[in-house]
Structures are given as C-alpha cells and as structure tokens.
Amino acid sequence: MTEVVKNYINGKWVESKSKETSDVINPATGEVIAKTPMSTIEETNQAIEAAKQAFRRWRSTPTMTRARHLNRIRSAFEDHFEELSKILTTEQGKTLDEARGEYRRTIENIECATSIPSLQMGYNAEDIAAGIDEMVIKQPLGVFFCIAPFNFPGMVPTWFWPFAIGTGNTYIVKPSPQVPLSQVRQFEIIHELGLPKGVLNMVHGGAEVANALIESPDTIGVSFVGSTHVGKIVYKKAGEFGKRAQVQGGAKNFITVMPDADLKRTVPAIITSFYGCTGQRCLAGGVLLAVGDIYEPLKEKVVEASEELIVGNGLEEGVQMGPMASKHGMEHTLSLIESGIKEGAELLLDGRGIKVDGYPDGYFIGPTVFDKVKPDMKIATEEIFGPVIPIIHVKDLDEAIEIIDANRYGNASSVFTSSGKVARDYQYRVKAGNIGINIGVAAPIATFPFSGMKDSFLGDLHGQGQDAVDFFTENKVIITRWF
Amino acid sequence: MQFAIDNEAGTMGLYEQAVRLSSSKKVKAFFADLVEQLSKRVDTLERIRRENITEMILEPITDFYADEYPLKLEMNENDDRVVCESAIIVEETRMKFFRYGAQKLEFLIEVADAFERMADENQENIDSLRSFL
C-alpha cells in the first residue's frame, strides 16, 4: 500500500485526517510512489497556532543562536546530499546532475541566511535634533508561509524559510502536492537537529490549505511561486487580507544571439537554457531570437546539438534530459507543439512520440525545434514549460528588443554578443528582472534577489538575499531623548 | 549544564546495565534505544553549553540544588518489572530536573528549550516503561 505523507506540526509528524489524497507519480515510470493528503482547514490552523506560539520565544532567541541552527541544517543537508538528490529526481524527473545542482543552490540559500546577524542590522544617527538620536531596528513579525511549485521541490522553499526563521519569524511550508517527498525528507533531517518545535512546520494540500493560510488573521505574509494565473489570485487575496506578498509567476524568456556571438560557446548555453530540467524552469529559454546573419549557422548548430541530447530516466548515468514532471505538463507541451504546426511554424526537430527503452509509461518529450516562428504565434508568446526552441529571425537588436518588451512576461532575458555596447544597451533597455550577458540561464545566486518584472513578478521584495531579509522584517524607527 | 551532562552520562551507564539485566526482548530493545537517546542528549547538552558559555557566566542561578536530583548508578535486579520500576524513578527525577531547570534558565532561551524537550522525552519514556509493567 502506498504511504500517505504526513504533516509536520509543532515538532511532530502528524497524519492528516483528510480522506482525500493526490497521487505522487514517478514521471519516468508512471508509477504511484506516494500519496499527498489534502489537509483540512483545521489542520492548517493547528500549524498556524503552533507557529504563532513558537514565535514568542523564537523572536527573542539571539541572532547567533538562530544562525547556528541554520548552520547545522546546512551541514546536515550536505551530509545527505546524494540521498536528497535521488529523491528529487525520483519524484520530479530532472536528471541527477540537475537535482545535485538544485541542492547546491538549496544549501547556498541556507548559507546566505547564516549571515543574518549582519544582514538584519539596522542603522542609527546621533543628534538628528539637539540631544535627540534616531535609529532603525529590523524586527521580525510573526508567521509567514510559502506555496511552493513542482519544478524545484528541494530549493524554492529555501528562497524563503531560512531568511524568515533566521530573522526571528516562524514558518509554514506548503509543498506542491505533486512532489512532497523532497520536503518530507528535508524535514525528517531537520527534525533530528533540535530546532525548537513550531518554528518550522509543513502542511500538505491544495487550494483549501492555501486559502486558510492567507485568510488566517495570524499569518503575516505569503511567498508564492507558480503560474501567473494562480499568482494573481494569491496576490489579490493577500491584499484583501492585508498580507505581505511576493509572487513569482510565469515566464517567456527571450535569448538573443547577435551576429558577433561566439557560436562555439553560445550553442551549449542555449541547449542548457532551453532543455535544462526539460524546459520546466521559470528561467528557461522561451524563444530564440537570431539576429541578422547569425540565423543560418545558429539554426544549424542548434538542431545538431538538440539531436544529440540523450533523453531518459534521470537516475541513469549519461541521461541529459529527463521526462516531463507530469502527464498534464506533457499534454500541455504537446498541445502547444500542435498549435505551432497549425499556425504555420516549421518543425525542424519533432520531439513528440519519443520512445525511451524500458520506460514505456514515462512522460517523455524529446527536444523540439521550430523555425519561421512569428512573434504573435502561441509558441512565441505563451510559456511552454517544455523542451521546445522556437526560432525567430530578426533583422537587428531594436527589433529583438521590441519583440521582447511586447511580451507580458519579464522574468529573464539573455544576449549573446562580443560587444560591450550591445550588452549595455540590452541590460539597459530590456524589461526583464534577470538579465544574462553571454549566460543562458540568468539564475541569481543566494546573496542576490531572484528578480522578475511585469507579469512574472507581483510585489516589491523578491526571494533570496537582502530582499528576503527586508520582506520578513519591519523597519522600526526609534527616536530617543534622555533628560 | 555540567550537572545535566554528568547525570545523562551516568544514566547511560545505568541503562547499559538494564540492557544486560532484562530478559524480555522488547524491554532489552527499549533500554538499548534509551542508551542511544542519552548519547545524543549528551552531545546536544555539550554543544549548547559550548555555544552559550559567554552568557552563562553573567547570570547567577539560585534555588536549584543538585542534592534534589540524586543519580542512581547501579541496577542489579534480574527482574524486568523491578528494572522498569527503577527506570521510572530515574526518568521522573530527570524529568523534574529538566522541567524546573527550564524555568530557572528561561533567560537562556536555547538551554530552556532543550531542557523542555528533554523533559517531554522523559515523560514519553515513563509512559513506555509503564506499558511494560
């Protein structure tokens, strides 16, 4: 019988009383490997109450002590690195190397948060008026929570909770019901390390849990990563209930290749950008803009490199691209490929119908390349979230930037060029939050904010880095005079 | 903190005797688990003592006497019931120490929290031991 994963509330593992569950499927094999309970409002409120009670003492815990807890978690994750990576690949599908990369970033987030004794320092000034001094202290606020996505089940929660609890808040993680096992194992590891009960909690479930967290008078703020459609619902609801919110939504990331780009180094970066994690990342390449004369040689090399990619079960050595994370995701990508064909784009490489030996039930799509794409086609405007490269031939940089800025999303964009002037122009003009110059995946490291603009991000402060510290604290101003 | 560490280490030796003395497999396994639990607790207490040492010398602690928490060092009864009853007394003594200690050391949050957790564990141990009687 497949196990139903448990919630982690107030330092204990608790079975949900809900009868409703959702299957957790290994996307390489199609097998059900666990079940996620759709927890109840009552169970969610128990987690909120536990976090609220724990806050009283946790916020008074010295910053160095809080940082040391994070240090121990960081070391324990390092000790369990391989095991955690394998669990991730099994439930999500990405290759083992991609899972390892994800866990490196996970650990980096925790490492960055151990600097909180410095990052949470305020500032002051003497004599702002005669005999009067003024200072700012950055105070924690209470219970925060995140609604996590399916594509980075190990890492995304650590964009938030290490900074939240490091600054003295308490926290609730709601993992994606599709991929709960990475978080379950992380929490099992954390459970052994002596973090005070109630500081970090986990509740599994769907919309009912998310709504209960947002609507509770005892929560302060929400961090969400997922589609823009759901993100907008969360952001609006957060506003109605007076919550702080940071909402990372969808993306359509344009990769622009200039005529003076170093093709030998550009093409591998493009392949990683479009096909890494089977295209299921908010920083994945979404459209390839080939400028001027680079178009023909670039197209040829991209197709050649795409054909060589080895697709299979991510746990196996040598596999370079795993399956789609879900049947729904696979069908969505396939329908967009169909629309590309219908709208008149030319299919240079067809990834549909790929067969992987030994895995007849896996959710596999092979690398797919479209040519003669027009900017208004669905495959050029909508997020595919799969291994597809639509190529648009543009005449110059201005045309490229015009197409990019017309798109509703603004998560990332990259330019490949040898010209500093082109690079500066690009970073100056393109309305995207994460810009890559000769970088295919412009992923900020933990000490920097994970940026985003337009429909890719709603809110003011991003995850990671100083932004995260600011999101989880309030600047309290103290003005003093002594008689 | 040193008293707590010595007490836990001493109890570890006592429960190693209990493993040898008990005849039932279940009771033996339980005491073996308690030995492992105690080893982890000693490590935790040592780490907390090490990390909080700068604060410990600043605050005097009053009305907290070692004599009130005597440490039992020997067990030589070959009867599972008697072994379990002795262990219950040991657990109750330690639980009392950690509960009261947590209140006394409230100003050292990490210490207080660890003491409370250990007292909770002692209560769980008592419940398990009673189930063997």
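This is a predicted model: local features need pLDDT of at least 70, side-chain atom pairs count only at pLDDT 80 or more; totals for chains, interfaces and linings use all residues.

Two residues are said to be in contact when heavy atoms of theirs lie within 4.5 Å. Among the contacts in chain B between residues at least 6 apart in sequence, 78% join residues at least 24 apart.

What secondary structure does chain B have? The chain comes to 4 helices and 0 strands, and from the N terminus on its elements run α-α-α-α.

On overall dimensions, a compact globule of 133 residues would have a radius of gyration near 14 Å, and the 15 Å of chain B agrees with that. Along the principal axes, the C-alpha atoms of chain B fill a box of roughly 50 × 25 × 20 Å.

Let me continue with burial and surface. Of the 133 residues in chain B, 44% are buried. The accessible surface of this chain comes to about 7,100 Å², and carbon and sulfur atoms account for 51% of that surface. As for charge, chain B carries 17 positive and 28 negative side chains, with the centres of the two sets 5 Å apart.

Asn125(B) lies in helix 4, which spans residues 109–131. Is Asn125(B) buried or exposed? Its relative accessibility is 5%, so Asn125(B) counts as buried, the cut-off being under 20%. Neighbours within four places in sequence aside, Asn125(B) is in contact with Phe30(B), Leu34(B), Gln37(B) and Glu91(B).

I now come to the interface. The size of an interface is often given as the accessible area lost when the parts come together. Between chain A and chain B, the buried area is about 1,100 Å², and carbon and sulfur atoms give 40% of it. In terms of contacts, 13 residues of chain A meet 14 residues of chain B.

Ser85(A) counts as buried because its relative accessibility is 0%. Apart from neighbours within four places in sequence, its contacts are Leu96(A), Ala99(A), Arg100(A) and Tyr103(A). Ser85(A) and Gly101(A) are 16 residues apart in sequence, while their C-alpha atoms are 8.8 Å apart in space.

Next comes Ser176(A), in the loop between strand 8 (170–174) and helix 7 (181–191) of chain A. With a relative accessible area of 9%, Ser176(A) is buried. Once neighbours within four places in sequence are left aside, Ser176(A) is in contact with Ala148(A), Pro149(A) and Phe150(A).

How is Asn211(A) classed by its relative accessible area? At 30%, Asn211(A) is partly exposed, since that class takes in values between the 20% limit for buried and the 50% limit for exposed. Along the chain, Asn211(A) and Ile41(A) are 170 residues apart, and their C-alpha atoms are separated by 8.6 Å.

That concludes my remarks; I thank you for your attention.

Note on methods
Residues are numbered from 1 along each chain as its sequence is written. Chains are lettered from A and ligands numbered from 1 in the order in which they are written. Side-chain values use heavy atoms; hydrogens and water are left out. Helices (H or I, at least four residues) and strands (E, at least two) are DSSP runs, numbered from the N terminus. The radius of gyration is taken over C-alpha atoms; the globule rule is 2.2 Å times the number of residues to the power 0.38. Buried means under 20% relative accessible area, exposed over 50%, partly exposed in between (1.4 Å probe, protein chains only). Accessible areas come from the Shrake-Rupley method with a 1.4 Å probe; for residues, only the protein chains shown count as cover. Lys and Arg count as positive and Asp and Glu as negative; His and the chain ends are not counted. The place of a charge is taken as NZ of Lys, CZ of Arg, CG of Asp or CD of Glu. Buried area is the accessible area (1.4 Å probe) that two parts lose on being put together, summed over both.
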